[in-house]
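Hi everyone, thanks for having me.

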Amino acid sequence: MAKKGVSDDPEIKKWHSPFYGLITNELCFSTGLNITQSKDIDEQKIYWKWNPPNNENSIQWLASPFVHIDDELGVSLLFRVNHFRDDLKEQRGEYHRFAAELEPVREQLIPQDIIQAWIPAKIPSSTTELLDGNCVGEPVSDPAEVKEELQEQLKDKTPYELRSAAVEAFWKRDYLRAMTIFDELAKIHNSNEYNHVAMYQHGVAMWNTAEQLGAEGHIYNLDQRITWLKNAVDLLKDASQHRNSDYSAKALYERSKALCRLSKLDIDDNDFFTQACEDAEKAANSVYEPAYISWYQRLIERGC
């Protein structure tokens, strides 16, 4: 309820100047009410543009990849990028169109160089150091140091807090940190927080940690890496029991990749590669996802 006499304040009754903005690309610009041919953009990118009311120089900044203008000059917003992969030249983005009566959601290809800048980089902990002075690529943390550093931080944390911290590290692609926190969460046996999705993230973080610590120039114990990969395979097998077919297929896809890595390290056991092929085939047949199909085809070329 408004205070008595508030309407007597003349400032209350003043209308504020609207923010005049445009969405523009090389074809057109749109104010939301009308669409006009564009003249000053000559590249295939989309920009927000503001023309100050006092006729000062306009200001523009990049709207790609969050905004898309299709061939019919319809404007849509990026909702999510499905199954991001570093090794693709383009990513598939899911765009939602404004006030669309037909096909409100469409998928568009996004160039990797545009979207890469928005992907969270791995944020190293204070203990991060190069395990080899000639190491190429990202710095790698010593797992023992990370565990020691986190022991005090994780003390007395609730399962929810552990899960939140692990997921945050996972999405930052700080896989070693995510794996270490998930390890602690798994010990509590809380099925609400350590569910199939958490097992999936735990398994992915674990096999990626084994992979990162075995990259060229990084020195780490081979037996420990094999142990992590085997544990990741078991976790992803459990995660594949998720009732949702999309999550189940994702777990099988990641498990296949972990098994493939394992087959390279443990060359005496051919069953790892055979199982990798079987999981890849199941994932490719479960849901339509080009990444799963492409991965299965690559394994076939290697001798599935």
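**Where two helices meet**

Okay, look at α3 and α5: on the α3 side, R163, V167, F170 and W171 make the contact, and they meet V197, A198, Q201, V204 and A205 of α5. Sort those residues by class and you get 7 nonpolar, 1 polar and 1 charged.

So how do we describe a pair like this? For two packed helices, we give the angle between their axes and the distance between the axes. Here, α3 covers residues 159-171 and α5 covers residues 196-212; their axes come within 11 Å and cross at roughly 45°. That angle is why we call α3 oblique to α5. The crossing of α3 past α5 is left-handed.

Let me zoom out for a second. This is a predicted model, and the chain has 9 helices and 9 strands. Of its 304 residues, 40% are buried.

Most residues other than glycine have a negative phi, and most peptide bonds are trans. Now check R173, in the loop between α3 and α4: its phi is positive, near 60°. H189 has a positive phi near 60° too, and you'll find H189 in the loop between α4 and α5.

Is H189 buried or exposed? H189 is exposed, at 72% relative accessible area, while R173 is partly exposed, at 22%.

One last stop: the peptide bond between S64 and P65 is cis, with omega about 5°. P65 sits in the loop linking β5 (59-62) and β6 (67-69).

That's my tour, thanks!

Conventions:
Residues numbered from 1 in each chain as written. Predicted model: local features only at pLDDT ≥ 70, side-chain atom pairs only at ≥ 80, totals over all residues. Heavy atoms only, no water. Helix = DSSP H or I, 4+ residues; strand = E, 2+ residues; numbered from the N terminus. Buried < 20%, exposed > 50% of the residue type's maximum accessible area, 1.4 Å probe, protein only. Axes fitted to C-alpha atoms, helices over the stretch in contact; angles between N-to-C directions. Parallel < 35°, antiparallel > 145°, perpendicular 65-115°, else oblique. Left-handed = near helix turned anticlockwise from the far one by under 90°. Contact = heavy atoms within 4.5 Å. Nonpolar A, V, L, I, M, F, W, Y, C, P; charged D, E, K, R; others polar.
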